[in-house]
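Reader: Could you walk me through a few parts of this model, one step at a time?

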Amino acid sequence: MGACSSKSNVINSRSDSAATENPQDVKQATARSKEIDKQLDEKTGKEIKILLLGTAETGKSTVLKQLRIIHGTGFTENDIQIFRSAARKNIYDTIRILIDAMVQLTIPYGFDPKVLDPKKFPSGKISNGSRGSGDDLLAAASGIGKNAPVALEASRIYQTSDAIGTDEQVELTRSAVAKVKSFEVSDFKTPLPHDLTDVLKLLWADSGVRYCFSRSNEFQIIDLSYFMQDIDKFNSNEYIPTNQDILASRVMTSGVGETQVMIRGMVFRVFDVGGQRNERRKWIHVFDNVNAIFFLVDLSAFNQVTVEDSKINRIVESLTVFSYICNHPGFKKTAIVIFMNKMDLLKEKLDETMVADYFPEFRGSNDVKEVSRFFADKITFFNKNPDRQLYFHYTQANDTSKMKVVLATVIESILV
Ligand SMILES: Nc1nc2c(ncn2[C@@H]2O[C@H](COP(=O)(O)OP(=O)(O)OP(=O)(O)O)[C@@H](O)[C@H]2O)c(=O)[nH]1
Ligand SMILES: [Mg+2]
């Protein structure tokens, strides 16, 4: 069993807050836990085996967290501690990655697209054809990437200096970067020291760093701005993660973990796996007697490349893995439910980024409906089994109320 196994370790069955030390809640949860164990042990109900599959960072573990929240098994004290540390690590890693990306993308600290003179940039190269504000420039930069005029301007300045501003600002920024780099944090169980969080905050507030973050599809970073907005709160000793925090946090899965939940008197054995390439060879160990596969695709990743190979588009990688799973002889009778995930991020991205720039064969309008249909058609194309029906759901895995509806429908379709 993995770290997230819920058997015997239920702390809380409420869905609004994961962490509680309230004795009454603990008592109720323990009673419920015992009840689940009893049912598991007696094996009274039918067992349903589910695999959460998909490439890295598509949201598999997030769906598992929702199953635990919605079906009342909650999180153990140990889990809460893991997620508390995860929030701190997410904050620290975000800045570490951005420091490297500033060099990689040649962006000087203090660089601010908003103060650039729009006259310097030909109107045709700025998004929507407008010559207007810094926001347009920022949008253009994030949309067009390293060849955008703003990006070229940043690089030109970078050739002279890696930081701009007054002498005092430059000095402050450089020493902040040096501080973060010199700080080797290996244990996030205790709060990060104040002198470190002060510089993390300073760097997150830097206009050059934020501009770098807006070009996040050009390097490998997960959007954890949720935690960056209130570093002091998430770092404090008193901080207890809520369910929302737990859903937002990122802990990469390694290996295969099993979690059991009771749904409608039946035991659901849910297996969560790591999605990175080197993790996938472990999947085979859980391929026997699978009732349903929840296959996760991150639709917002259409303009990103994989962590493992910077030449491979993330959705193309998803299609390759899907093709293998869908046509695997062991899964002939297995129901396959596709979670077209991160619809919220997809919607945001489509305002600035053209899908046709990454998938030239896409001729539709650049909106959520046509784009998701385009990718659903691609997925369907890889199903070579005429008897197989694919079930598509368009999801935002970190939203509990939306996932309640989706999971109810999915479970219904599995049980009939
Ligand atoms: N905005 C948004 N974020 C999401 C959504 N689903 C998941 N995330 C976030 O995406 C990140 C990665 O999600 P995980 O559930 O860890 O991904 P995974 O598929 O388990 O990744 P591996 O364990 O590496 O295979 C986390 O920070 C989640 O909070 C979504 O629908 N919208
Ligand atoms: Mg995971």
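Reader: Which elements do the buried residues of H13 pack against?
Author: This is a predicted model, where local features need pLDDT of at least 70, side-chain atom pairs count only at pLDDT 80 or more, and totals for chains, interfaces and linings use all residues. Residues are numbered from 1 along each chain as its sequence is written, with chains lettered from A and ligands numbered from 1 in the order in which they are written. Helices (H or I, at least four residues) and strands (E, at least two) are DSSP runs numbered from the N terminus. The packing partners of H13's buried residues are S1 (47-54), S4, S5 and H15 (368-381).

Reader: Is Ser300 buried or exposed?
Author: Ser300 sits in the loop between S4 (292-298) and H13 (314-326). A residue is buried if 20 or more other C-beta atoms, placed from the backbone, lie within 10 Å of its own, exposed if 12 or fewer, and partly exposed in between. Ser300 has 23 C-beta neighbours inside 10 Å, so this serine counts as buried.

Reader: Which residues does Ser300 touch?
Author: Contact means that two C-beta atoms, placed from the backbone, lie within 7 Å. Leaving out residues up to four places away in sequence, Ser300 touches Lys342, Leu345, Leu346 and Lys349.

Reader: Which exposed residues are on the face of H16 turned away from its buried side?
Author: Buried in H16 are Met403, Leu407, Val410 and Ile411. Seen down the helix axis, these fall within an arc of 100° (taken from the directions from the axis to the C-beta atoms), so they line one face of H16. The face turned away carries Ser401, Val405, Ala408 and Glu412.
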